[in-house]
Amino acid sequence: MIAAVGLVVGIVLGLVLDPTVPTWLQPYLPIAVVAALDAVFGGFRAALDGLFDDRVFVVSFLSNVVVAALIVYLGDQLGVGSQLSTGVIVVLGIRIFSNVASIRRHLFKA
């Protein structure tokens with residue numbers, strides 16, 4: 001229930017305050033969002049499997065976002081930012097679809 005209230009409050013604050021993303025942060029935000037989604041779907045899968053641990057989830061969430069952003073930053077510094085961004089998106093996308101498939105199998109027994 002706390003998570004749902006936090007989500008609603010966050011959405012309302014985002015709509016009311018209309019925050020802008022600084023230019024230097026714009027290349028990293030999509031990667032961070034996909035990394036966060038990977039952690040969320042992984043947490044949901046773990047909850048359905050009865051293995052969810054809130055500490056593991058928080059560490060996974062934060063480390064996914066930080067590592068993904070660092071990889072993209074390193075790619076920018078090496079001049080191959082778009083290639084590493086694509087690589088990160090592909091890897092995290094595969095993980096997200098794997099988790100969603102597991103969630104689907106668990107929920108629908110299919």
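Predicted model: local features only at pLDDT ≥ 70, side-chain atom pairs only at ≥ 80, totals over all residues.
A search of the whole structure finds 3 aromatic pairs, and one of them joins Y28 and Y73 in a tilted arrangement, with 6.5 Å from centre to centre and 50 degrees between the planes. Because Y28 lies in the loop between α1 (2–17) and α2 (29–48) while Y73 belongs to helix α3 (residues 54–78), the pair ties together parts that are 45 residues apart in sequence.

A further tilted aromatic pair is formed by F52 and F57, whose centres are 5.8 Å apart and whose planes make an angle of 45 degrees. F52 counts as partly exposed at 41% relative accessibility, and F57 is likewise partly exposed at 24%. Together with F61, F52 and F57 form one aromatic cluster.

The unreviewed UniProt entry annotates residues 24–44, 56–74 and 80–98 as "transmembrane region". Over residues 24–44 the chain is 76% helix and 0% strand, with the end C-alpha atoms 32 Å apart, whereas residues 56–74 are 100% helix and 0% strand, with their end C-alpha atoms 26 Å apart.

Finally, N99 is found in helix α4 (residues 81–108) and counts as buried, because its relative accessibility of 8% falls under 20%. When its neighbours within four places in sequence are left aside, N99 is in contact with D38, F41, G42 and R45. With R45 there is also a polar contact, made between the two side chains at 3.0 Å.

Terms used: Residues numbered from 1 in each chain as written. Heavy atoms only, no water. UniProt positions renumbered as here; feature names shortened; annotations may be inferred. Helix = DSSP H or I, 4+ residues; strand = E, 2+ residues; numbered from the N terminus. Buried < 20%, exposed > 50% of the residue type's maximum accessible area, 1.4 Å probe, protein only. Polar contact = N/O pair within 3.5 Å; in protein donor to acceptor, adjacent residues only side chain to side chain. Contact = heavy atoms within 4.5 Å. Phe/Tyr/Trp six-rings, centres within 6.5 Å; stacked < 30°, edge-to-face > 60°.
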